[in-house]
Amino acid sequence: MTKRTSFAIFKSVVIALFLREVQTRFGTKKMGYFWAIFDAMLMVLIFAGLKTAIAENSMPGIDFPVFLATGFLAFFLWRNIVKSSIGAFSANQALFAYRQVKPFDTIVTRVVLEMLVSSIATLVFLAIGWYFDYDIAIKDFNMVMLAVIWLCIFGFGLGLMSAVFSYFYETFGKMMNIIMTPLLFISALMYTVDSLPPLLREIILYNPLVHFIEMIHGYYFNTLDTYYVNYEYMMYWTILPLFIGLFFYVRSEKRILSS
């Protein structure tokens, strides 16, 4: 009998955990699939309606619902990766009795699931935009994909770090969940950085999410650019949480498995 490699075991575990996550998250809830995809759509409808009522043509050359959809889909993808990672260890604690299953596998599984759900939601949005004749053309598809994948890595690093800390200090997880709410309004989802007053613009650029959203918007729409995107700042915010998360995970994996 051929001995399986570590990667083959990892892949088998992630697939098994993925199927279990899908069943747990969607299989036991009525309309679970619906709300997973249309969560972002509800926010787009609300804010597009408000924007239309206040200032209909404040973004010339851009279909505002499309602008909102790109921002909200990216934000929800990042937020859901971090939030679902925070509770991954506790939710799968019973499975750690099997020596093939590692806590790290549960984080990877949840990240993959969130990316799949977000991809389906994006396809639904594109279909709706195409049906209602919105301008959904992308200026630079490759750079938009790079920004989204980079955002996922940022979410993965922060989620791993938060999962380790919140497993031992429950308050940390609660604080992270509280921080997520105001980020919805200060991450340039409903406006561009360029449209803000200079002082507010300087303050909001300390939020790393703003740079990711600006990068997505800048490479998606022909009339926008990436002037305020600081790639070095994004890199720091990607590497630092990932390094801290991996460092403390390696040091505490045995404690998580045995607790």
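## Annotated regions

UniProt positions are given here in the numbering of this chain, feature names are shortened, and annotations may be inferred rather than shown by experiment. The unreviewed UniProt entry annotates "transmembrane region" over residues 34–50, 62–81, 111–132, 144–169, 175–191 and 233–250.

Residues are numbered from 1 along each chain as its sequence is written. The model is predicted: local features need pLDDT of at least 70, side-chain atom pairs count only at pLDDT 80 or more, and totals for chains, interfaces and linings use all residues.

## Helices

The protein chain holds 10 helices and zero strands; helices (H or I, at least four residues) and strands (E, at least two) are DSSP runs, numbered from the N terminus. Residues 62–81 are 90% helix and 0% strand, with end C-alpha atoms 29 Å apart. For residues 144–169 the figures are 96% helix and 0% strand, and the end C-alpha atoms lie 36 Å apart.

Helix α5 (residues 103–131) has 29 residues, so at 1.5 Å a residue it should span 42 Å, and the 43 Å between its end C-alpha atoms agrees. The expected span is 1.5 Å times one less than the number of residues. After α5 comes Asp133, with a positive phi near 65 degrees.

## Burial and Ile149

Of the 259 residues in the protein chain, 45% are buried. Buried means under 20% relative accessible area, exposed over 50%, and partly exposed in between (1.4 Å probe, protein chains only). Ile149 belongs to helix α6 (residues 141–168). This residue counts as partly exposed because its relative accessibility is 43%.

Technical notes. Side-chain values use heavy atoms; hydrogens and water are left out.
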